[in-house]
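This briefing covers a helix, a set of aromatic contacts and a strand residue. The sequence and the structure come first.

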Amino acid sequence: MWTPAARAQLARRVQPYATCLTDAEWVLVKPFLPAPAGTGRPRSWPMRLVIDAILYVLRTGCAWAHLPRDFPPPGTAHRWFLRLSRTGTFERLAHALTMADRERVGREVSPTAAVLDAQSARSGGVGVKGVRGYDAGKKVTGRKRHALVDTDGRLLLAAVSPASLHDSRGGAALLAMSRRPWPFLARCFADRAYAGSRVAQASPVATTIVGSAPGQKGFAVQPRRWVVERSFAWFGRCRRLARDHETTVSSAVAFLTLAAAMILVRRLAQPL
């Protein structure tokens, strides 16, 4: 509940920007970042400031060239973002924090059930590079984000495809990929777009289709499925994800995964 005491506890006035990491949050993120090399030229910018720059772009949605001068040069911040995304740093961070947050609330570190869904994101505008498609159902030209979350909404896996790709194809790929990082996953809840043999035969994970009740009219919260919709709403607070601005699929996945990881960073860094 937003009481004056809670607002004072969660305030971030000591930081130059609201997106900057606090000391407690930096302690969680630092172990997953590459250590300085033993040879060669020393780093010109602290790694913490580089991460703050990346988080500023993620949360505000600004272009790299429009970074405030308090941060490293745009080229430096962008190069580090590409390096961290290509080496899977954000995925490892999100994976470890998901297990830590599950353990914090008394659950098994590896989930046995998940929720699957997709979200179409409109392209950033005319002339944006990269492969995109047209989602006839949503009438959106851009890319489609496929997300697999646990039953509390923590991101387990993410993928990005052209918006023209059917949900079932992306879902089948995610379930097949889930066996290695989440070996105990046994059941997945999804909507009717994932019905059929393609998803059912993609992995040993059993798929339960959750649909509307017979005779239902208007909006109604669907059991289990609402969790992944809430996760997409959480990710949508990051304005970089309001549209798809990325040239490469790897960058699009990296921003989505980083948004999910930062939710857990803020949650785990709060005092008990």
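The notes below describe a predicted model and are grouped by topic.

**Helix H5**
- Helix H5 covers residues 89-104, which is 16 residues. From its first C-alpha to its last it reaches 22 Å, close to the 22 Å expected at 1.5 Å a residue.
- The buried residues in H5 are Thr89, Phe90, Leu93, Ala94, Leu97, Thr98, Asp101 and Arg102.
- After H5 comes Gly106, with a positive phi near 85°.

**Aromatic pairs**
- The count of aromatic pairs is eight.
- One of them joins Phe232 and Phe235 in an edge-to-face arrangement, with 6.4 Å centre to centre and 90° between the planes.
- Both Phe232 and Phe235 belong to helix H8 (residues 225-235), and they sit three residues apart, about one turn of the helix. An α-helix has 3.6 residues a turn, so residues three or four places apart point the same way.
- Phe232 is buried at a relative accessible area of 5%, and Phe235 is buried at 3%.
- Phe90, a buried residue of H5, is part of one aromatic cluster with Trp64, Phe81 and Phe255.

**Ser120**
- Ser120 is located in strand E1, which runs over residues 113-122.
- The side chains of Ser120 and Asp135 are joined by a polar contact of 2.6 Å.
- Leaving aside residues up to four places away in sequence, Ser120 touches Asp135, Lys138, Val140, Arg143 and Lys144.

Methods
Residues are numbered from 1 along each chain as its sequence is written. This is a predicted model: local features need pLDDT of at least 70, side-chain atom pairs count only at pLDDT 80 or more; totals for chains, interfaces and linings use all residues. Side-chain values use heavy atoms; hydrogens and water are left out. Helices (H or I, at least four residues) and strands (E, at least two) are DSSP runs, numbered from the N terminus. A polar contact is a pair of N or O atoms within 3.5 Å; within protein, one must be able to donate a hydrogen and the other to accept it, and residues adjacent in sequence count only if both atoms are side-chain atoms. Contact means heavy atoms within 4.5 Å. Rings of Phe, Tyr and Trp (its six-membered ring) pair if their centres lie within 6.5 Å; planes under 30 degrees apart count as stacked, over 60 as edge-to-face and the rest as tilted. Buried means under 20% relative accessible area, exposed over 50%, partly exposed in between (1.4 Å probe, protein chains only). The expected span of a helix is 1.5 Å times one less than its number of residues.
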